[in-house]
Amino acid sequence: MEAPEAPKKRVSAANAKKYVEGVLARNGVSMTNAAIIADCLVQADLRGVDTHGINRIPSYMARVREKVLDAAASPTLNQITPVVAQVDGHNGFGFLAAHLGMSTAIEMARDFGIGMVSVKHSNHFGMSAWIVQQAIDSGMMSLVFTNSSPALPVWGGRSKLMGVSPIACGAPAGKEKPFVLDMAPSVAARGKIYKAKRRGEKIPKDWALDAQGRQTDDPAAALEGVMLPMGGPKGSALSIMMDVFSGVISGSAFAGHVTNPYDPSRPADVGHFLIAIKPDLFVSLEDFKQRMDYLYQRVVGSDKMAGIDRIYFPGEIEQLTQEERLQSGIPYVEAEIDALNKEAEMVELLRRVHTLPRDQQRQESGRSSYALRTRSNNHSVKERVGRSDSAENPAEKIAPSEDMEQSDSF
Ligand SMILES: NC(=O)c1ccc[n+]([C@@H]2O[C@H](COP(=O)([O-])OP(=O)(O)OC[C@H]3O[C@@H](n4cnc5c(N)ncnc54)[C@H](O)[C@@H]3O)[C@@H](O)[C@H]2O)c1
């Protein structure tokens, strides 16, 4: 029997984005970079990849405060050949290094048909699909690889060595939905276990083993143990593949030496590998799009197995969730909102995550709902924050007025 889900409150994407930008800016991230990071994190929440959205902010900020992630760093680019470039993330946010990497790959692909970028000295970049989407928005196909901290034993092994490193790729379509594959090589992404722990929920027993090698439905016990690879040796091999392409080749950490994003004791040194491909290299663009649309129709129009109402294209469920959440808001549990707002209070931030329970929306419409709550005694944080280019901005209050539906379905 599935454990009941914790009750949720809805937050608008605009509010979530402003919140993230504000926290980041006051932790030393430039406004330009904060906008990129906020966009990636909120995209994850909008797509229903709640494991890799704004709830990651407290753990990222812990790393910034411990000075193992450089909030002020911007990535730099080294062009190796006309179609190959290297990005150095300088231990800044992984979102920035990957964003620069994919932008560069897209530019190279426009001119030469393909662009390949290796990224070193980076950090966790969250949900891979935002990078695939970046390529799709420019009309490009893509491959997006990253390595990550040990969570998975190699096939036949007992201790964690490889990361639950997602493999992602995508292709634009014509009238139909684009193809977006974004999957961890484990039965489930480890972020789903952190989410269950945060929300006080149980996990399915086939996701992970506890420290004694037993199946468990307790997320805390699972985090002490190991994730189970999807498809046995095949999942294990995909994880090693992510390490070869993202770690070995880039000059970043590999073979079990990437640091966990929740471990604020040392830099992560994550590597990524990004490829953009022009879709009309071998057939015309119009032909390519028609062929993608035909593939989509063939896939979703397949005969259904018993008990299945609808067949989805890879990435389609997430896209439908995004459409629904743009209307209805992003659902978070109370404890998550509290943890996020605690982060905001730590930096004397006015932009607070604001929930939108239906009965309060009309009352609150047209007036600000949060007063500034300063904490002038929080010197340890204040000394390190507020030096960004947003520090002089007048503080803004959130005055939500949208009427959001409280629906989880699409
Ligand atoms: N940056 C990191 O280090 C890191 C590590 C692990 C996971 N992640 C992220 O975690 C996220 C979750 O990964 P996951 O493996 O749990 O994803 P998932 O199992 O939810 O989905 C995997 C893929 O299968 C597709 N899919 C799922 N259900 C489907 C259905 N019913 N019909 C058709 N297609 C379907 C999805 O569109 C997706 O492309 C990903 O965004 C990944 O990038 C990031």
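A residue here is buried if 20 or more other C-beta atoms lie within 10 Å of its own, exposed if 12 or fewer, and partly exposed in between, with the C-beta atoms placed from the backbone. Keep that in mind and select N91: with 21 C-beta neighbours inside 10 Å, N91 counts as buried.

**Before going further**

What you have open is a predicted model, where local features need pLDDT of at least 70, side-chain atom pairs count only at pLDDT 80 or more, and totals for chains, interfaces and linings use all residues. Residue numbers start from 1 along each chain as its sequence is written.

Colour the chain by pLDDT, the predictor's confidence in each residue, from 0 to 100. The average over the protein chain is 86, and 84% of the residues score at least 70. Two elements mark the ends of the scale: strand β5 (residues 141–146) has the highest mean pLDDT, 99, and helix α13 (residues 379–382) the lowest, 32. Now select residues 360–410, where the pLDDT is below 50. Beyond near neighbours in sequence, this stretch has 78 contacts in the model; two residues are in contact if their C-beta atoms, placed from the backbone, lie within 7 Å.

Switch to a cartoon of the protein chain and you get 13 helices and 13 strands. These are DSSP runs numbered from the N terminus: helices are H or I with at least four residues, strands are E with at least two. Of the 410 residues, 50% are buried. Among contacts between residues at least 6 apart in sequence, 68% join residues at least 24 apart.

**Stop one: α1**

Select residues 13–25, helix α1. From first C-alpha to last, the 13 residues reach 18 Å, close to the 18 Å expected at 1.5 Å a residue. (The expected span is 1.5 Å times one less than the number of residues.) Eleven of the 13 residues are buried, so α1 is largely enclosed by the rest of the structure. Show side chains for some of those buried positions, including N15, K17, Y19 and E21. What lies over them? Among the elements covering the buried residues of α1 are β1 (8–11), α2 (31–46), α3 (57–65), β13 (330–333) and α11 (334–346).

**Stop two: α2**

Move on to residues 31–46, which are α2. Its 16 residues should span 22 Å at 1.5 Å a residue, and the end C-alpha atoms are 22 Å apart, which agrees. Twelve of the 16 are buried, so α2 too is largely enclosed by the rest of the structure. The buried set includes N33, I36, I37, C40 and D45. Those buried residues pack against α1, α4, α5 (129–137), α10 (316–328) and β13. Just after the helix, click on G48, which takes a positive phi of about 85 degrees.

**Stop three: where α2 meets α4**

At what angle do the axes of α2 and α4 cross? Roughly 95 degrees, with the axes coming within 9 Å. Axes are lines fitted to C-alpha atoms, for helices over the stretch in contact, and angles run from 0 to 180 degrees between N-to-C directions.

Show N33, I36, I37 and C40 of α2 together with F95, L96 and H99 of α4, which make the contact. By class they divide into five nonpolar, two polar and no charged. (Ala, Val, Leu, Ile, Met, Phe, Trp, Tyr, Cys and Pro count as nonpolar, Asp, Glu, Lys and Arg as charged, and the others, Gly among them, as polar.)

Centre on F95, which counts as buried with 25 C-beta neighbours inside 10 Å. F95 and I36 are 59 residues apart in sequence, yet 7.4 Å apart in space, C-alpha to C-alpha. Not counting residues up to four places away in sequence, F95 touches I36, I37, C40, F125 and G126.

Most residues other than glycine have a negative phi. Then jump to H121 in strand β4 (residues 114–122). H121 has a positive phi of about 50 degrees, and it is buried, with 23 other C-beta atoms within 10 Å.

**Last stop: α9**

Finish at R291 in helix α9 (residues 285–300). Is R291 buried or partly exposed? With 14 C-beta neighbours inside 10 Å, R291 counts as partly exposed. Draw a line from R291 to G174: they are 117 residues apart in sequence and 8.6 Å apart in space, C-alpha to C-alpha.
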